[in-house]
Amino acid sequence: PDLDKRALSNADILRFSRQLVLPEFGVTGQLRLANASVLVIGCGGLGCPLAQYLAAAGIGRLGLLDYDVVEMSNLHRQVLHAENRIGTPKSQCVAKSLRDLNSGVEYVPYHTMLSPDLALNLIQQYDIIADCSDNVPTRYLVNDACVAAGKPLVSASALRWDGQLTVYNYQGGPCYRCLFPSPPPPETVTNCADGGVLGMVPGVMGCLQALEVLKIASGIGSSYSGVMLMYNALDGRFRNIKIRAKKPDCAACANASASVILKDYESFCGSSASDKCRMLNLL
Amino acid sequence: PDLDKRALSNADILRFSRQLVLPEFGVTGQLRLANASVLVIGCGGLGCPLAQYLAAAGIGRLGLLDYDVVEMSNLHRQVLHAENRIGTPKSQCVAKSLRDLNSGVEYVPYHTMLSPDLALNLIQQYDIIADCSDNVPTRYLVNDACVAAGKPLVSASALRWDGQLTVYNYQGGPCYRCLFPSPPPPETVTNCADGGVLGMVPGVMGCLQALEVLKIASGIGSSYSGVMLMYNALDGRFRNIKIRAKKPDCAACANASASVILKDYESFCGSSASDKCRMLNLL
Amino acid sequence: MAAPVSVLLEFGGGAELLFDGIKKHHVSLPDQPNPWTLRQLLCWIRQNLLKERPELFIQGDTVRPGILVLINDSDWELMGELDYELQDRDNVVFISTLHGG
Amino acid sequence: MAAPVSVLLEFGGGAELLFDGIKKHHVSLPDQPNPWTLRQLLCWIRQNLLKERPELFIQGDTVRPGILVLINDSDWELMGELDYELQDRDNVVFISTLHGG
Ligand SMILES: [Zn+2]
Ligand SMILES: [Zn+2]
């Protein structure tokens with residue numbers, strides 16, 4: 001069913017008073033947010049703060065996708081999970097935690113891996129997509145489906161002490177493939193299990209990612225289309241990088257339709273969409 | 001009782017595996033963190049994410065100070081509170097939420113306003129102080145007590161679309177009074193009730209503040225002593241500013257003892273340590 | 001005779017609200033025999049940019065307490081404060097400090 | 001005869017791990033008759049800085065997929081990529097992209 005909020009209730013006005021008073025946001029921004037839906041792909045270190053702050057701010061619908069269950073090694077950074085929920089699906093766990101914070105949001109948990117069969121149909125049902133995933137094949141799949149569906153993709157990533165954030169496929173800007181036409185060699189890809197990650201880094205990046213989703217949903221527009229934010233927590237520095245424009249010969253953008261979605265992203269990338277195997281090797 | 005953790009348990013190693021693998025942090029950093037205590041002054045928009053990420057990372061003891069109770073208008077940014085806790089003390093509410101995430105942390109809620117009588121003794125009991133308060137008199141009081149007690153002060157603030165972060169009184173660096181010898185004229189001070197604040201802005205700043213606390217507690221050291229980070233969410237830009245050194249004629253630093261603590265910070269600043277009155281006027 | 005000086009003035013943290021909400025002002029200062037000092041720049045801002053309630057920005061001959069002045073990303077206290085002599089293309093930033101949480 | 005060229009090379013996002021974990025390298029490139037191109041810089045890095053497993057950084061005559069090259073904070077694709085001619089004091093950054101979440 002479509003979101004269709006036409007006016008703010010008195011309870012809304014009280015709850016959101018501190019952001020309603022911002023002239024750049026205001027009642028118009030709040031109503032646009034209430035009528036916007038966001039699909040969060042990955043309910044881990046980035047997805048937790050992102051979903052938390054979007055729910056608090058009053059997003060209309062939050063799709064929460066993750067195939068995984070909560071593990072003890074998640075709790076140092078995946079702050080919506082809990083000790084007594086180890087073994088339960090992350091997507092449902094996030095929805096349960098956030099209902100206490102804002103029961104007015106519609107939460108739609110998907111306890112599943114994003115597959116090429118599923119991606120386009122699912123992404124078409126949402127206004128904005130947030131890539132909070134943790135592996136290369138999923139990032140290419142999400143990108144291609146967003147290009148095919150014409151949806152803005154707010155993409156963040158974190159590893160060790162580093163974070164990166166940009167917005168793809170928004171207002172004529174580049175997509176992930178424009179920037180990275182070929183996947184990295186699998187032996188150069190480090191995941192959080194192997195490389196480690198300090199919890200506050202996805203915390204910072206997830207909050208920033210939520211902010212860009214809010215700016216897009218409320219009509220303010222994003223600061224990071226064609227710009228990548230890079231953060232290093234050890235030296236405490238942020239850097240805004242100007243990245244290339246949309247490429248006319250991009251494999252996705254040149255033919256933005258369902259046909260750009262590959263059958264098998266794991267073989268395209270030479271790596272798995274799950275970091276389970278490596279995690280087990282490490283422990 | 002003193003914190004005295006000498007070794008990590010198998011459960012600790014599993015829980016913190018993703019940060020233990022970071023060579024700059026490692027087992028030594030984790031043990032230092034487990035033996036560190038942090039006093040969080042203010043359990044609102046900054047204090048919530050700060051406390052959340054420090055608890056997740058395995059801080060030893062977390063003092064949580066706030067005089068206020070949860071209100072509906074807090075929930076858009078104070079993400080550890082909940083609809084069914086409106087009217088309950090914020091300090092206790094944060095402790096309750098975080099026990100589910102990490103029961104191994106010692107939580108000490110203080111449901112009280114920070115007074116000149118209380119401040120020095122309380123601050124002396126903690127290793128690092130995080131200023132997450134929302135008013136000028138409290139910021140001067142916290143600073144003076146930190147200078148008197150010789151404690152590093154990780155200070156963040158947020159308003160509208162802007163955030164600021166720096167570390168005071170750390171390794172010979174300046175204090176808040178070195179930078180701001182005189183309080184601002186009361187009519188120039190805007191609080192979150194009057195000016196508004198977008199929830200993700202204290203979210204970002206609180207996560208960054210938690211990170212600097214972790215870097216100090218684990219012996220890595222801070223990036224923001226003598227440097228102020230400034231953030232504007234509308235243009236998506238961060239800026240690192242070099243600020244002045246400690247001033248020999250600073251009213252606090254020149255005589256770093258209990259005598260620098262004033263009797264009455266509200267009259268020194270000409271404003272109230274609570275933003276209740278203004279809030280009531282607005283609504 | 002000093003060469004003409006162009007500077008980028010920025011206002012933030014709420015100080016921009018005294019300047020019609022405009023954060024960036026590219027400004028060409030008129031020729032004068034001696035170098036422009038920051039003291040003179042404050043006078044010029046007061047006369048040319050400040051729309052209302054100048055006391056919320058300037059008190060006496062300096063900025064009011066609670067505004068940080070940055071010259072090329074450094075605290076002006078490190079640069080000579082009011083006596084700093086402006087160079088062409090300098091970036092001068094006035095930021096209100098925030099107290100919210 | 002081109003003047004000597006000093007550049008600041010930075011490595012991040014994990015690429016620094018191929019360079020003994022050192023993120024910043026201030027480098028003076030030797031004199032040569034023509035301007036230094038980025039293509040030549042990559043050869044120089046391979047011969048002078050890369051300690052082990054060069055294939056994790058350079059493949060063929062360019063950087064391997066998944067490393068972004070930035071010249072003075074802009075994507076090198078906007079600057080001519082391998083044919084870009086280095087200027088004195090340029091800042092060239094090599095960043096591994098991250099995929100963790
Ligand atoms: Zn493309
Ligand atoms: Zn001082």
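This is a predicted model: local features need pLDDT of at least 70, side-chain atom pairs count only at pLDDT 80 or more; totals for chains, interfaces and linings use all residues.

Reader: Of the three pairs of chains in contact, which share the most contacts?

Author: Chains A and B hold that place among the three pairs in contact. On the side of chain B, 68 residues take part, and they meet 68 residues of chain A.

Reader: Which chains do not touch, and how far apart are they?

Author: Chain B and chain D have no contact, and their closest C-alpha atoms are 11 Å apart. Chain C and chain D do not touch either, with 18 Å between their nearest C-alpha atoms.

Reader: How is the size of an interface expressed?

Author: The size is often given as the accessible area that is lost when the parts come together. For chain B and chain A about 5700 Å² is buried between the two, and 64% of this lies on carbon and sulfur atoms. In chain B, the residues that lose the most area to chain A are B:Arg18, B:Tyr53 and B:Met200, which together make up 16% of what that side buries.

Reader: How many salt bridges and polar contacts cross the interface of chain B and chain A?

Author: A salt bridge pairs a side-chain nitrogen of Lys or Arg with a carboxyl oxygen of Asp or Glu, within 4 Å. Two are found across the interface of chain B and chain A. B:Arg15 forms a salt bridge with A:Glu83, where the closest N and O atoms are 2.5 Å apart. Helix α10 (residues 200-217) of chain B supplies the largest share of the side that touches chain A, namely 10 residues.

Reader: Is a given residue buried or exposed, and how does one decide?

Author: A residue is called buried when its relative accessible area is under 20%. A:Gly203, in helix α10 (residues 200-217) of chain A, is buried because its relative accessible area is 0%. Leaving aside neighbours within four places in sequence, A:Gly203 is in contact with A:Gly45, A:Pro49, B:Tyr53 and B:Cys207. The C-alpha atoms of A:Gly203 and A:Leu46 are separated by 6.4 Å, although these residues are 157 residues apart along the chain.

Reader: Where is B:Gln164 found, and what does its side chain reach?

Author: B:Gln164 is found in strand β6 (residues 162-168) of chain B. With 6% relative accessibility, B:Gln164 counts as buried. Its side chain reaches the backbone oxygen of C:Ser96 at 3.0 Å. Beyond four places in sequence, the residues in contact with B:Gln164 include B:Met205, B:Met228, C:Ile95 and C:Leu98.

Reader: Lastly, which residues coordinate the zinc ion (ligand 1)?

Author: A metal site is read from its donor atoms and the angles between them. The SG atoms of A:Cys175, A:Cys178, A:Cys250 and A:Cys253 coordinate the zinc ion (ligand 1) at 2.3 Å. Along the sequence, these donor residues follow the spacing C-x2-C-x71-C-x2-C.

Reader: Why is the arrangement around the zinc ion (ligand 1) tetrahedral?

Author: Four donors count as tetrahedral if all angles lie between 85 and 135 degrees. The four donor atoms around the zinc ion (ligand 1) subtend angles of 103 to 116 degrees, so the arrangement is tetrahedral. As to burial, A:Cys250 is buried at 4% relative accessibility, and A:Cys253 is buried with a relative accessible area of 14%.

Conventions:
Residues are numbered from 1 along each chain as its sequence is written. Chains are lettered from A and ligands numbered from 1 in the order in which they are written. Side-chain values use heavy atoms; hydrogens and water are left out. Donors are N, O and S atoms within 2.8 Å of the metal (3.2 Å for Na, K and Ca); water is not among the atoms, so sites may look incomplete. Four donors count as tetrahedral if all angles lie between 85 and 135 degrees; four count as square planar and six as octahedral if opposite donors are over 155 degrees apart and all others between 65 and 115; anything else is irregular. Buried means under 20% relative accessible area, exposed over 50%, partly exposed in between (1.4 Å probe, protein chains only). Contact means heavy atoms within 4.5 Å. Buried area is the accessible area (1.4 Å probe) that two parts lose on being put together, summed over both. Helices (H or I, at least four residues) and strands (E, at least two) are DSSP runs, numbered from the N terminus. A polar contact is a pair of N or O atoms within 3.5 Å; within protein, one must be able to donate a hydrogen and the other to accept it, and residues adjacent in sequence count only if both atoms are side-chain atoms.
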